[in-house]
Amino acid sequence: PAGVFTFGVGVAAPPPTEAVGSSGTTWRDDAARWAVFVALALLIGPLVVRLAVLRGPVPARVERGFHLLGVVAAFLVIDVGIVAFVLRASNALQLPIADLLYGDLQPFAEKTRFGIAFLAMTLGFGIVAAVLLLSWILDRPQLRWPALLLSLALVSGLSLSGHQATEPDATWLAQAADWLHLVAACVWVGGLAALAFVVWPLGGAVRRDAFLGFARLAVVLVGAMVLAGAYLALVRLPELNDLWETQYGRFLLLKLGIVAVALSWGAAHHLVVRPRLEAGGEPNVRPSLVGEAAVALTVLLAAAILTNIAPPPVEDAPAATGRPAG
């Protein structure tokens, strides 16, 4: 026999992830969480662009591109979510991947926040994928709306199972800010990808409308990301010196540096490219869009790593009533 189990004497058994002997996250967990973020961005961002920015008819090639990207991204969210769950279960239960095939993952799936969120998101995004497929097959673009709304609701599973929900000082406001921060980032990154890889190669006459519309939306997205991110930083790092004295703070500074590069790139588009398009020019901005999208994907990687790093402990947290054993 192998693995880790938990029990409590006089108290409820703690989750397997808190058992003595369960390992922490590795680069594989970081990669899997990053893949989840990227898949969510490729699903949510293009849906917002098509529904809120390009609201009228578009060329058939562009429509097919949005349909294909949405369906692939929905299934990708499910697949990478399964990989992330298996990796987290392997770390928590101290079982090799091969042994997980014979292990009982029910307690991990049904009695931990991460497991419950995984089950809900897997089922929910299965419905999203089915709705997007029907939208494509039946040529009913309006079905994208329920797919988008359900996707936005399901993203909350990450906030309800992350630091903002599991730390001793967790509040509903921090969870809401985390959800808003993640949604804004997904729309921003996924929208850039849609512009660079769907609209610009295939769009023709709709390129201008798509760029100008997304430029206006990006101002709102950046504002939401900055405000929500600043609030979360204050919650997780109450002391200023936590920024350079803790691993969480140092990675947050790294993330902020990458965000600054991405926002500077976006500001150049907003201040230089947008006026030229409004004046009737046709600048070739696709290489620049691809570059900004690549930097934005790096922001998601930094966010994934930060998500898997424990924030500084809360000093005035109440003492635990039981000690995990394994």
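Visitor: How many of the 27 residues of α1 are buried?
Guide: This is a predicted model, and in it helix α1 is mostly covered. Of the 27 residues in α1, the number that count as buried is 20.

Visitor: What distance does helix α1 reach from its first C-alpha to its last?
Guide: Helix α1 runs over residues 27-53. At 1.5 Å a residue the expected value is 39 Å, and the model comes close to that, with a reach of 37 Å.

Visitor: Is A41 buried or exposed?
Guide: A41 is found in helix α1, a helix that is mostly covered. Buried means under 20% relative accessible area, and A41 has 1% relative accessibility, so A41 counts as buried.

Visitor: Which residues is A41 in contact with, leaving aside its neighbours within four places in sequence?
Guide: V77 is 36 residues from A41 along the chain, and the C-alpha atoms of the two are separated by 9.6 Å. With the neighbours within four places in sequence left aside, the contacts of A41 are P46, C186, V189, G190 and L300.

Visitor: Is E63 buried or exposed, and which residues does E63 touch beyond four places away in sequence?
Guide: E63 is found in helix α2, and because its relative accessible area is 15%, E63 is buried. Not counting residues up to four places away in sequence, E63 touches R50, V58 and R144.

Visitor: Which helix supplies the largest share of the nonpolar patch?
Guide: The nonpolar surface patch, of about 730 Å², is made by L68, V72, F75, L133, L134, W136, I137 and L138. Two helices, α2 (60-93) and α5 (113-137), each supply at least two of the patch residues. The largest share, four residues, comes from α5.

Visitor: What is the relative accessible area of V72?
Guide: V72 is one of the residues that make the nonpolar patch, and V72 lies in helix α2. Partly exposed covers the range between the 20% limit for buried and the 50% limit for exposed, and V72 is partly exposed because its relative accessible area is 47%.

Visitor: How many aromatic pairs does the structure hold, and why is the pair of F85 and F114 stacked?
Guide: The structure holds three aromatic pairs. In the pair of F85 and F114, the ring centres are 6.4 Å apart and the planes lie at 5 degrees, so this pair is stacked. The pair links distant parts of the chain, with F85 in helix α2 and F114 in helix α5, 29 residues apart. The count asked for is three, and planes under 30 degrees apart are the reason that such a pair counts as stacked.

Visitor: What angle lies between the planes of W200 and F211?
Guide: W200 in helix α8 (residues 172-202) and F211 in helix α9 (residues 207-236) are eleven residues apart, and their pair links distant parts of the chain. W200 counts as buried because its relative accessibility is 5%, and F211 counts as buried because its relative accessibility is 5%. The centres of the two rings are 6.2 Å apart, and the pair is edge-to-face, with an angle between the planes of 70 degrees.

Definitions and conventions
Residues are numbered from 1 along each chain as its sequence is written. This is a predicted model: local features need pLDDT of at least 70, side-chain atom pairs count only at pLDDT 80 or more; totals for chains, interfaces and linings use all residues. Side-chain values use heavy atoms; hydrogens and water are left out. The expected span of a helix is 1.5 Å times one less than its number of residues. Buried means under 20% relative accessible area, exposed over 50%, partly exposed in between (1.4 Å probe, protein chains only). Contact means heavy atoms within 4.5 Å. Patches are made of residues with over 30% relative accessible area and no salt bridge: like charges are joined within 9 Å, nonpolar side chains (Val, Leu, Ile, Met, Phe, Trp, Tyr) within 5 Å. Accessible areas come from the Shrake-Rupley method with a 1.4 Å probe; for residues, only the protein chains shown count as cover. A salt bridge is a side-chain nitrogen of Lys or Arg within 4 Å of a carboxyl oxygen of Asp or Glu. Rings of Phe, Tyr and Trp (its six-membered ring) pair if their centres lie within 6.5 Å; planes under 30 degrees apart count as stacked, over 60 as edge-to-face and the rest as tilted.
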